Amino acid sequence: MGRHLKKLAVWSLLTGAVWWLWPAGALRHEPGVRLDREPEQQMIEPQPVGSFKKYTITAVAAYTIEARVLHTKRYWVDGNDLVPYDVAVGWGAMSDQAVLDRLSISQCNRFFFYEWRNPPPIEISEIERHAANMHVIAANKAVAKAVKRLRRGEFVAMRGYLVNVGGPNGFHWNSSLRRDDTGNGACEVFYVESIEAKPEPALLAGMR
């Protein structure tokens with residue numbers, strides 16, 4: 001399935017009055033509207049989940065996340081039979097329109113990229129701790145359909161397991177179990193059992 005970086009910061013050399021045009025079809029929110037709940041992870045005894053002919057999928061942690069969809073990417077190669085979609089998400093400061101308007105976010109080759117014009121809108125360490133690239137394994141057809149329809153800017157809640165995957169010829173793909181890691185192997189491999197849209201959160205106190 002190739003390389004899978006959680007995030008890669010890139011300084012932009014672009015100049016001019018317009019930094020980034022908000023993508024067509026993406027949802028916008030008022031600055032200060034954000035999801036501040038941290039993802040919840042509970043380690044469990046490893047157990048098999050799912051039924052896929054070519055792969056063995058072992059759950060290692062129960063996982064729940066409420067986040068804003070930052071970007072989605074459909075892959076036609078590189079493990080697309082198991083993980084057709086990567087979903088980049090953000091919470092806390094990385095779900096705030098005021099921050100996201102100063103970032104350009106993209107995905108390619110199982111990578112998650114963000115760019116800015118100096119200075120970055122928030123501390124780089126805060127970006128790293130509050131955004132993730134997730135390789136999504138749908139547990140059923142309803143989840144697969146919902147993932148396919150995700151829109152940038154949408155607030156969602158997802159529940160399931162972080163998993164390790166094994167396959168033919170010694171293939172393996174292990175989930176990150178930390179939110180503060182970066183680089184190769186830092187993506188969450190997320191077996192999603194349920195997904196639902198969340199209503200827009202209230203503005204933070206003092207920002208009305």
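**Entry 1: a ring cluster**

Which residues do ring pairs link into a cluster? I found Phe112, Tyr114 and Trp116 joined in this way. A reminder to myself before going on: this is a predicted model.

I then looked up one of the pairs, Phe112 with Tyr114. Their ring centres are 5.7 Å apart, and with 70 degrees between the planes the pair is edge-to-face. Phe112 has 0% relative accessibility, so I noted it as buried. Tyr114 has a relative accessible area of 1%, and therefore I put it down as buried too.

**Entry 2**

Next I looked at the strands. S5 covers residues 104-108 and S6 covers residues 111-116, and I found the two paired in the antiparallel sense over five bridges.

**Entry 3: a cis peptide bond**

Moving along from S6, I checked omega. Asn118 and Pro119 are joined by a cis peptide bond, with omega about -5 degrees. I marked it because most peptide bonds are trans. Pro119 belongs to the loop between S6 and helix H2, which spans 124-129.

**Entry 4: another positive phi**

Where is Asn169? I located Asn169 in the loop between strand S8 (155-166) and strand S9 (172-174). Its phi is near 60 degrees, again positive in a residue other than glycine. Here the relative accessibility is 83%, so Asn169 counts as exposed. The cut-off for that label is over 50%.

**Entry 5: rings across the sequence**

Back to the aromatics: how many aromatic pairs does the structure hold? I have four on the page. One of them is Tyr63 with Phe190, an edge-to-face pair with 5.2 Å centre to centre and 80 degrees between the planes. Tyr63 comes from strand S3 (residues 56-74) and Phe190 from strand S10 (residues 188-197), so the pair ties together parts 127 residues apart in sequence. I checked burial as well, and both Tyr63 and Phe190 are buried.

I also looked for a charge over a ring. Arg74 lies over the face of Trp76, at 3.8 Å from the ring centre.

**Entry 6: the whole chain**

Last, I stepped back. I counted three helices and ten strands in the chain. Along the sequence I read the pattern as β-β-β-β-α-β-β-α-β-α-β-β-β.

Of the 208 residues, 47% are buried. I looked up sequence separation too: among contacts in the chain with a separation of 6 or more, 77% involve residues 24 or more positions apart. The chain exposes about 10400 Å², and carbon and sulfur atoms supply 52% of that area.

Methods: Residues numbered from 1 in each chain as written. Predicted model: local features only at pLDDT ≥ 70, side-chain atom pairs only at ≥ 80, totals over all residues. Heavy atoms only, no water. Pairing = 2+ DSSP bridges. Helix = DSSP H or I, 4+ residues; strand = E, 2+ residues; numbered from the N terminus. Buried < 20%, exposed > 50% of the residue type's maximum accessible area, 1.4 Å probe, protein only. Contact = heavy atoms within 4.5 Å. Areas by Shrake-Rupley, 256 points an atom, 1.4 Å probe, with all protein chains shown as cover. Phe/Tyr/Trp six-rings, centres within 6.5 Å; stacked < 30°, edge-to-face > 60°. Lys NZ or Arg CZ within 6 Å of the ring centre and 35° of its normal.
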